[in-house]
Amino acid sequence: MTEYDKFLELPKEKQLKIINAGFEYFGRYGYKGANTEDIANKAGISKGALFYYFKNKESFYLYLHEFCQNLMLKSMETQEFQRITDFFERIHFATEQKLKIIAEYPFITDFSINAVSDKSSGLSKQWASYMNDALYNSFDIYFRNIDTTKFKKDVNPKQIYQMMLWMSEGYINEKKRMNTPIILEDFLADFKTWETLMKKACYKEEI
């Protein structure tokens, strides 16, 4: 039994509406500024129903944190992901999975970014620590079977990973700023161009 059992008994479609409403309002207004009545209205339920599934605002916010973390981790732990041994192919696959997540949860990036900077919830340090672990400490786990012999001697794969991550985040944020929809095929075409340039700069020349 967990405190979220009542929520998890709901149909997946209803869960999705509530989660996305939470991501949107917490992502836009932060923990303190987000109004639970607005969240409930956006999700198509009453405020009383929201607090039936989650005992209070903090409980709901904590659930979204856990959900976000698990969602990102699961996307990187598939057999298909682990079978890829080329560094850039694995990043390409991970980016594709991330975009699929964003398509289903459009405000998850806003929520994640706001969670790091928002001090009102008391969770910003915890979330920032998690994001740091996900980016740096988990690198050795996600890329443990990558063929690093392809890299030039002075190239650090972890730094290249960080650069590629910044590029993809920048692309996504720019699209949101311009209020332009992210089209998976277009993004992957652009990402493939970046990937080709980075591979040429980082990999040894094939003999």
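Predicted model: local features only at pLDDT ≥ 70, side-chain atom pairs only at ≥ 80, totals over all residues.
I'll start with the rings. The structure holds 26 aromatic pairs, and I'll take two of them. In the pair of F7 and F54, the ring centres are 4.8 Å apart and the planes meet at 45 degrees, so this pair is tilted. F7 belongs to helix α1, residues 5–8, while F54 sits in the loop between α4 (47–53) and α5 (57–75), so the pair ties together parts that are 47 residues apart in sequence. F7 has 0% relative accessibility and counts as buried. F54 is also buried, again with a relative accessible area of 0%.

The second pair is F26 with F60. Here the centres are 5.9 Å apart and the planes are at 50 degrees, so this one is tilted as well. F26 is in helix α2, residues 12–33, and F60 is in helix α5; the pair links distant parts of the chain, 34 residues apart. Both F26 and F60 are buried.

Two rings carry a charge over the face. R28 lies over Y25, at 6.0 Å from the ring centre. The charged end of K57 sits over the ring of Y31, 5.0 Å from its centre.

Now to helix α2 itself.

Next, the core. The largest nonpolar core has 58 residues. Those with the most contacts inside it are I18, F23, F26, F54, F87 and F88. Helix α7, residues 87–104, gives the most to this core, with eight residues. As background, nonpolar side chains in soluble globular proteins tend to be buried together.

Take I18 from that list. Leaving aside neighbours within four places in sequence, I18 is in contact with F7, L10, A43, I45, L50, Y53, F54 and F60.

Last, Y203, which is found in the segment after α12 (184–202). Is Y203 buried or exposed? It is buried, with a relative accessible area of 9%. Beyond its neighbours within four places in sequence, Y203 is in contact with D86, F87, F88, K150, F151 and K152. Y203 and T148 are 55 residues apart in sequence, and their C-alpha atoms are 9.3 Å apart in space.

Notes: Residues numbered from 1 in each chain as written. Heavy atoms only, no water. Phe/Tyr/Trp six-rings, centres within 6.5 Å; stacked < 30°, edge-to-face > 60°. Helix = DSSP H or I, 4+ residues; strand = E, 2+ residues; numbered from the N terminus. Buried < 20%, exposed > 50% of the residue type's maximum accessible area, 1.4 Å probe, protein only. Lys NZ or Arg CZ within 6 Å of the ring centre and 35° of its normal. Core = buried A, V, L, I, M, F, W, Y, C linked by side-chain atoms within 4.5 Å. Contact = heavy atoms within 4.5 Å.
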